[in-house]
Amino acid sequence: MDVWAAVDRLIDNVRDPSGLHGHGIHLLAARRWRVTGRPLPPEFVMAEREAAILHLAGLALLQQVRGILDGPVILLKGLEVAGHYPDPMLRPFSDVDVLVPDPAAAYRTLCQAGFTPTKELEYGHHLPALRWPGSPLTLEVHSNPNWLSWMTPPSVDHLFAMAVPSVAGVDGLHALSPAQHALHLAAHSWRHHPLRRLLDLVDVAAVAEGVDPTELSVLAEEWRMGRVWRTTM
């Protein structure tokens with residue numbers, strides 16, 4: 001299946017654009033409508049400009065992180081997923097998430113280098129968000145990718161051993177392997193609000209495209225998320 005052709009067909013059938021933003025595919029709709037000559041709502045044009053600013057800000061933030069931290073860094077979710085889109089500025093995101101082997105040490109190093117903690121609470125899978133002066137984005141340093149409670153995922157050490165180069169466009173960053181990345185995105189979606197928006201499904205399909213479906217199914221069963229994966233697909 002061509003993911004993007006399927007998304008285009010869905011967008012072409014939309015008559016009321018009000019729900020597209022809530023589903024996170026408004027930037028994809030703006031691109032499609034511009035190609036097909038359909039007028040764009042003013043809010044879509046503004047969203048495109050904001051997305052371009054945030055994308056550049058995200059890359060700048062990651063360059064700061066990569067210049068400060070010596071150890072390996074895995075980029076998670078939004079900005080990494082964006083690299084699998086036809087244009088990375090078509091995937092909205094509001095923060096930057098990284099996974100590191102020693103979160104507490106990395107957090108201290110980042111704070112010493114000029115990052116400042118926000119007032120957000122600490123969660124089980126990441127420390128309080130950090131902000132770089134002047135950046136519109138926050139940085140979340142993860143101790144694990146935030147799995148579903150009943151899963152048996154691999155250790156963080158294994159994730160780093162299997163990591164691949166990031167597609168975000170910043171040298172020295174890594175990402176989860178495509179199969180692991182797709183399963184993580186599905187698990188993350190189900191942990192928060194299952195099937196809450198089309199963007200989550202588009203993300204999974206984009207990252208899983210080109211990965212052997214049998215590999216994905218076997219891995220999902222190993223991680224005890226077989227039913228979640230089958231339902232997502």
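Helix 3 and helix 4 make a left-handed crossing, meaning that the near helix is turned anticlockwise from the far one by less than a right angle. This is a predicted model, where local features need pLDDT of at least 70, side-chain atom pairs count only at pLDDT 80 or more, and totals for chains, interfaces and linings use all residues. Residues are numbered from 1 along each chain as its sequence is written, and side-chain values use heavy atoms, with hydrogens and water left out.

**Helix 3 and helix 4**
- The axes (lines fitted to C-alpha atoms, over the stretch in contact, with angles from 0 to 180 degrees between N-to-C directions) of helix 3 (residues 26-36) and helix 4 (residues 42-68) come within 10 Å and cross at roughly 115°.
- That makes the two helices roughly perpendicular, a label for angles of 65 to 115 degrees.
- Helices here are DSSP runs (H or I, at least four residues), numbered from the N terminus.
- On the helix 3 side, the contact (heavy atoms within 4.5 Å) includes Trp-33 and Arg-34, while helix 4 brings Phe-44, Ala-47, Glu-48 and Ala-51.

- Leaving aside residues up to four places away in sequence, Trp-4 touches Leu-28, His-84, Tyr-85, Pro-86, Val-202, Ala-206 and Glu-209.

Methods:
Parallel < 35°, antiparallel > 145°, perpendicular 65-115°, else oblique.
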